[in-house]
Amino acid sequence: MDVALEKRQVERAYDFYAPVYDFVFDWIFAPGRSAAIAELRVEPTDSVLEIGIGTGLNLPLYPEGVRLTGIDLSEEMLDKAIERVLELGMPNVTLKVMDATSMDFADNEFDKAVATYTISAVPDPIAVLREMRRVVKPGGALVVLNHFRSERRLAGRFEDLVAPVCTRLGWKSNLAMAPLLSRVGLVAEEVRKVNMFNGWRLLRCVNRK
Ligand SMILES: C[S@@+](CC[C@H](N)C(=O)[O-])C[C@H]1O[C@@H](n2cnc3c(N)ncnc32)[C@H](O)[C@@H]1O
């Protein structure tokens, strides 16, 4: 697979979606979002990293004064997040254009990291999870909210069938959860099904390293 080519596709796709993203996706994904940010259990002293923060739809869900860094590949998505930070008046939020597969952060820089609906939208999810592990302190929380390939036979096959189209649209429909976690040495301490039809999974992992 040509990861570089896919990365350009993803970037272009989300630059294109940015003006309509909130309108189309907010209501479908909202319940999972609230659950994911609650699952981070943010303490006042925590520094939190949000991967693929997009237009910043999670921003209003964080506790007041949160020390948050958000990164995204798409400048257009991030511009919307900047507007939201200004509207909400969040002085401790930093936003950066950055590729989550090679982050410009030191090892163990953050207490916690979260990625909502992002892991299947990146060309190389293994590299992203490895980077999340690298930049989060030992014992810190990694929270991932995503659609993963269904364990039901027919649904899984259908997701395989539509995968080429979905990849062109900017996400993977058939990302399998268990092999992904095992490749990066993560064990989910909690897995919860969320959103419409329980079609998305919310994972909380402890960064054991
Ligand atoms: C489906 S959107 C989710 C946005 C946001 N997390 C949310 O919950 O609404 C996926 C986001 O991941 C970003 N993304 C894709 N590949 C990335 C990468 N390699 N590094 C950083 N962000 C990336 C996209 O630009 C997009 O904003």
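**Close-up views of the predicted model**

**View 1. Lysine 137 is partly exposed.** The relative accessible area of lysine 137 is 32%. The model shown here and in the other views is predicted. What does the side chain of lysine 137 meet in a salt bridge? The partner is aspartate 111, at 3.0 Å from N to O. Is aspartate 111 buried or exposed? Aspartate 111 has 17% relative accessibility, and the cut-off for buried is under 20%, so aspartate 111 counts as buried.

**View 2. A salt bridge joins aspartate 22 and arginine 84.** Their side chains meet at 2.9 Å, N to O. The pair links helix H2 (residues 21-40), which holds aspartate 22, to helix H3 (residues 75-88), which holds arginine 84. In the chain, the two residues are 62 residues apart. Arginine 84 counts as buried, at 17% relative accessibility. Aspartate 22 reaches 23% and counts as partly exposed. Side chains of opposite charge can pair when their charged atoms come close.

**View 3. Glutamate 189 meets arginine 208 in a salt bridge.** The N to O distance is 2.9 Å. Glutamate 189 is in strand S6 (residues 188-194), and arginine 208 is in the segment after strand S7 (200-206). The two are 19 residues apart in sequence, so the pair ties those parts together. Glutamate 189 is partly exposed, with a relative accessible area of 43%. Arginine 208 counts as exposed, at 55%. The structure holds 12 salt bridges.

**View 4. An open sheet is built from 7 strands.** Their order is S3-S2-S1-S4-S5-S7-S6, with mixed pairing. Which strands stand at the edges? They are S3 (93-97) and S6. Each has a single partner strand, so one side of each lacks a neighbour in the sheet. From one strand to the next, the twist averages 15°.

**View 5. Strands S2 and S3 pair in the parallel sense.** The pairing of S2 (residues 67-72) with S3 runs over 5 bridges. Aspartate 72 has valine 97, in S3, as its bridge partner. Helix H4 (residues 125-135) packs on the sheet. H4 touches strand S1 (47-51), S4 and S5. The directions of H4 and S5 make an angle of about 145°.

Terms used. Residues are numbered from 1 along each chain as its sequence is written. This is a predicted model: local features need pLDDT of at least 70, side-chain atom pairs count only at pLDDT 80 or more; totals for chains, interfaces and linings use all residues. Side-chain values use heavy atoms; hydrogens and water are left out. A salt bridge is a side-chain nitrogen of Lys or Arg within 4 Å of a carboxyl oxygen of Asp or Glu. Helices (H or I, at least four residues) and strands (E, at least two) are DSSP runs, numbered from the N terminus. Buried means under 20% relative accessible area, exposed over 50%, partly exposed in between (1.4 Å probe, protein chains only). Two strands pair if DSSP finds at least two bridges between them. Axes are lines fitted to C-alpha atoms, for helices over the stretch in contact, and angles run from 0 to 180 degrees between N-to-C directions. Contact means heavy atoms within 4.5 Å.
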